[in-house]
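Please read these notes with the model open beside you.

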Amino acid sequence: MKSGSKSSEDILPEYAYELPPELVANAPAEPRDSARLLVYGVGSDMVADAVFRDLADYIPKGALLVMNETKVVPARVVLSKKTGGKVEILFSVNEWDKASDEVSGISDRKLVAGDSLFFDGCQICSVVGQDENIFAFKLALAPAGFLRFLESSGVMPVPKYIKDSPLSETEIKERYQTTFAKNPGSIAAPTASLHFTDAVFKKLRVKGVETAFLTLHVGAGTFAPVTDREIGSGKLHEEFFTVPEDVRAAIKKAKREGRPVIAVGTTALRALESSARGAEISTDIFIKKPFAFKVADGLITNFHVPRSSLMCLVDAFLDFKESPKGILDIYRHAIEGRYRFYSFGDAMFIL
């Protein structure tokens, strides 16, 4: 560590908390909608302990739910050098122009320009550049063929804190994916949406709740601890998104009619607030206190890792709504109540 720089423990100490190891969820709830749901009403300062299948009981009639329909790509794959040495690569498909023959990625081993990487004797790519721990790869396959290769031979890039999961890779490919995933491009799931089922959607429709879908391709940086560089710049990792025109129209209509707009997940919220500020295809916005939210009236989200940008975002939302409770107050309730945390964990709903 350079002289004068901060350690990870010094950054965002206000978002530090201790989590009992057994509360890290290594597998999702089964069925999906049996996950627990912590409901926090800011105006009443009331916390309710519920189950996700009963979400419709807590959402106002006529609300508009905005969800992220990105699809996670099995972008982590073990390749071989010419020497036979094994290398694990996480390809950054969230940043990849799917018409391009170049893609970046992270390697767990040292690589140098010119290294060729193979899978079962077939060349997949070669190293053409490096920027710190990010490598640039030139594909030996056509882009469409590379995507098919990942789908067939890659594994889902679940966070490393998920250890000893009882799920098989086939099961993870199903469960680390929303039921409505549509547009391939993420290397992490929009985890708040993992709890939705057809039964939940049916109950929401009966309640008169509308749904709208945007796409934000989630990158690994979404779940990473915040660094000094990001604090100094006020910007985060870049992510690419699309908010369709019909979704913009639905949001305007809901606002005009006084119906709440509820973002499902921090990724959907990031896309909505970036779009409202004029961004069209990508965002590096760092949402932290104080922040004037222009779109979202409510938020459904999971419980996030300490000192992460996601905690900053959720707490900024609470602060904007003039909440009596901060994020750690809510997290303490969740820990005392033995909620399950992180990507495969339980959810909370703030309104």
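1. In α7, the residues M311, V314, D315 and L318 meet I327, L328, I330 and Y331 of α8. Contact here means heavy atoms within 4.5 Å. By class, this contact is made of 7 nonpolar residues, no polar ones and 1 charged residue. Ala, Val, Leu, Ile, Met, Phe, Trp, Tyr, Cys and Pro count as nonpolar, Asp, Glu, Lys and Arg as charged, and the others, Gly among them, as polar.

2. This is a predicted model, in which local features need pLDDT of at least 70, side-chain atom pairs count only at pLDDT 80 or more, and totals for chains, interfaces and linings use all residues. Residues are numbered from 1 along each chain as its sequence is written, and side-chain values use heavy atoms, with hydrogens and water left out. Helices (H or I, at least four residues) and strands (E, at least two) are DSSP runs, numbered from the N terminus.

3. How do the axes of α7 and α8 cross? Helix α7 covers residues 309-320 and helix α8 residues 327-336; their axes come within 9 Å and cross at roughly 110°. That makes α7 roughly perpendicular to α8. Axes are lines fitted to C-alpha atoms, for helices over the stretch in contact, and angles run from 0 to 180 degrees between N-to-C directions. Under 35 degrees counts as roughly parallel, over 145 as roughly antiparallel, 65 to 115 as roughly perpendicular and the rest as oblique.

4. The largest pocket has a volume of about 930 Å³. Its lining has 27 residues, and I134, G221, R229, E230 and H237 lie nearest the centre. Two or more lining residues come from each of β7 (102-107), α4 (228-233) and β13 (235-242). Strand β13 gives the most, with 5 residues. The lining divides into 9 nonpolar, 10 polar and 8 charged residues. On a 1 Å grid over the protein atoms alone, a pocket is an open set of points with protein on both sides within 12 Å along at least five of seven lines, a cavity is a set where a 1.4 Å probe fits but cannot get out, and lining residues have an atom within 4 Å of a point. Grid points are joined across faces, edges and corners, and a volume is the space filled by probe spheres set on the points.

5. There are 4 cavities of 30 Å³ or more. The largest cavity holds about 100 Å³ of space. Of its 13 lining residues, L236, R270, S309, L310 and L313 lie nearest the centre. The elements giving two or more residues to this lining are β13, α6 (266-276) and α7.

6. R270 lies in helix α6. Is R270 buried or exposed? R270 is buried, with a relative accessible area of 6%; buried means under 20%, exposed over 50%, partly exposed in between (1.4 Å probe, protein chains only). Beyond four places in sequence, R270 is in contact with L236, H237, E239, T283, D284, I285 and I287.

7. S193 lies in the loop between β11 (183-186) and α3 (198-206). S193 is buried at 0% relative accessible area. Leaving out residues up to four places away in sequence, S193 touches M67, T178, F180 and V264.

8. N68 is in strand β3 (residues 64-68). N68 also counts as buried, at 0% relative accessibility. Residues that N68 touches, not counting those up to four places away in sequence, include F180, P190, L214 and T267.
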